[in-house]
Amino acid sequence: MAGSRDTVSESQNVGTGAERDWQTRLEVFSKSDFARSFPYWFVPFSIMGLGVYGGIGYNTLISLTDYEGFNEGPDFSPGNLDLEMYVQTVNDPWVWTTSKNTFVLLIVFTTVTMVLGLFLAVMLDRGIRYKEKIQTIYLLPMALSFVVTAQFWLWMYNVNNGLINLLLGAALIWQFSGYAMVVFLAGLQSIPDDQFEAAQVDGASVLRTYWRVIIPQLKSSSVSAAVVLVIFALKAFTFLFSMFGQYRVPKGTDILATLMVREAFKLQNWAYAAAIATILLLMALAVIAPYLHYQHKQGSL
Amino acid sequence: MSKATRPADGSFADVLPELDYWKIGLSLVITFFFAFFLAPIWTGIVTSFKTSGAVTATTPLTPPLGDGFTVEKWARAIDHLSTGFVNSLIMTIPSTIATVFLGSTAAYGLTLVDWGKRAQFAVLILFLVGIFIPYQAVLVPLSDFWINIVPLAEVLAPVWELSFMEYAHARLLSLTITHIVYGIPLCMLLFRGYYLTLSDELVEAAKIDGASITTIYRRVVLPLSKPMVGVVFIYQFTAIWNEFLFSLTLIGSSSSPAATVTLVLSGLGTDLSGIDFGLRMAGALFAALPTLIIYAFFAEEFAQGLAAEN
């Protein structure tokens, strides 16, 4: 560092050399790894950034207006910007109901899916035959669109006419437990076999070995799976829309995600929908931020 | 367990301890879940080949027999969905290719090149948050953007003069671009995980030989990326093909000439006389065909993409 500073001050003393120095520095810079790799990451980064962060910023701005109906677009004049929409969301009992439903869905769905996924993973981990084939079948629902699977489950519902909430729960668990299984299987495979064998030599039963030795080591997989499932539960819209074929879903199954899309695209309450979207975003960030921090501390970023 | 060790006149109780209860229990549980995961799809397949009469007369699990069998529902479903199917292909293939390419270059610029660890980390975090944000948070701006700020339909006015293009196809183009934008972060993450496992030696050796960043990408990194390109392509193709929320909000109506296959499917087989389940099942299976085919051949890669997501 000191050496380079010397050359800089030296060349500045030489008068016309200053310009040449500026040019060489530009040339060096243009050949540096930063400049050369810039297009590689910056093009995708700016496209993504415009969509994600530009979108979020613009959404926040719209949520401060009173934009509604089929008009020319939001009015951003300073006098028009206020927190009125947020006051409305807090005072709207329906927002509270859907928030409560969102939490119930989130907790029940994530817990059951993870327990079932772990169970399936442990089962398949014990060196059974046709493991790959079985795994393929268990994961198959994940490859299908919610619009497609909703048709199957709607048909089952028509036959049984049971509780709609129970059916929705079963359908979502059916679709996602294969995913949790794959994440746990990857975690199980990273645990060396000799730990299992050592516990077996000590006389521990298979169940006990898993419970005491293996499962505690799956913390990182559990966190990853949980985050993905929670985020999914927060934004679950497609499945509910497809089940009922319309924006308005039955009272007990209405969540913030469906409310937001309905307010925007059915009722054209753009600003109000944007405010609900902000609430959803904050909920998601409340999960993502600790997760990224945890991953960073683990050194897995 | 072999017959030779079993006494010919042995009672049933003599044999029992030799059986492995664990194995039997395990097989039963595995078979149960096998049925659990396949049953909805199985009912979908059998129902799609039944006449409307057979759909109401037989149980969902029984295959269509005799008079109850028909391919009429499939014919009608394909007839209804073919435009949407083509639209989905037109949208999914270019956006998948673009996302995979951009994801790979972004991961390259963030892992195999060192231009400041702290700055690279900050950019990485911004990408990662982009994976997890709920799309609801950008839906209102998106629809405003494609309608009021960049109305592609008007920007590309001369194009709609062409005979095979329709005005509504502008929406398909905006949907394609939207999928590229929001697909980049996850593709970046998948490639990044892979590039981190590559040994530094090849890249370092190329650097010592005086290869530029571009040469290293084209001659070293891209050829090494082949297996991961497959994984990301399969994963991204499936994700975009199956996507519905963007289609619904950007295209709007299932009767639009630009409607994607998932959008058309969501409105299929519903009229005042009730729901035609046979037609719906056939439509659902037809719409899922590309992803099912890909899954049948590349289930391994699909699972790999899912597991690497975190």
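Contact, in these legends, means heavy atoms within 4.5 Å. The model is predicted, so that local features need pLDDT of at least 70 and side-chain atom pairs count only at pLDDT 80 or more, while totals for chains, interfaces and linings use all residues. Residues are numbered from 1 along each chain as its sequence is written, chains are lettered from A and ligands numbered from 1 in the order in which they are written, and side-chain values use heavy atoms, with hydrogens and water left out.

**View 1. The interface of chain A and chain B.** On the side of chain A, 87 residues are in contact with 82 residues of chain B. The two chains bury about 7,900 Å² between them, with 80% of this area on carbon and sulfur atoms; buried area is the accessible area (1.4 Å probe) that two parts lose on being put together, summed over both. In chain A, the residues that lose the most area to chain B are Tyr40(A), Phe152(A) and Trp155(A), which together make up 10% of what that side buries.

**View 2. Polar contacts and residue classes between the chains.** Between chain A and chain B there are 15 residue pairs in polar contact, both at pLDDT 80 or more, where a polar contact is a pair of N or O atoms within 3.5 Å, and within protein one must be able to donate a hydrogen and the other to accept it, residues adjacent in sequence counting only if both atoms are side-chain atoms. Helix α3 (residues 33-63) of chain A gives the largest share of the side that touches chain B, namely 19 residues; helices (H or I, at least four residues) are DSSP runs, numbered from the N terminus. By class, this side of chain A has 67 nonpolar, 15 polar and five charged residues, with Ala, Val, Leu, Ile, Met, Phe, Trp, Tyr, Cys and Pro counted as nonpolar, Asp, Glu, Lys and Arg as charged, and the others, Gly among them, as polar.

**View 3. The two domains of chain B.** Chain B is assigned domain 1 (3-68) and domain 2 (72-307), with bounds that come from an automatic or database domain assignment. Seven residues from domain 1 of chain B and eight residues from domain 2 of chain B form the contact. These domains bury about 570 Å² between them, 71% of it on carbon and sulfur atoms.

**View 4. The loop at Gln268(A).** Gln268(A) lies in the loop between α13 (256-265) and α14 (270-298) of chain A. Although Gln268(A) is not a glycine, its phi is positive, about 55 degrees.

Methods. Helices (H or I, at least four residues) and strands (E, at least two) are DSSP runs, numbered from the N terminus.
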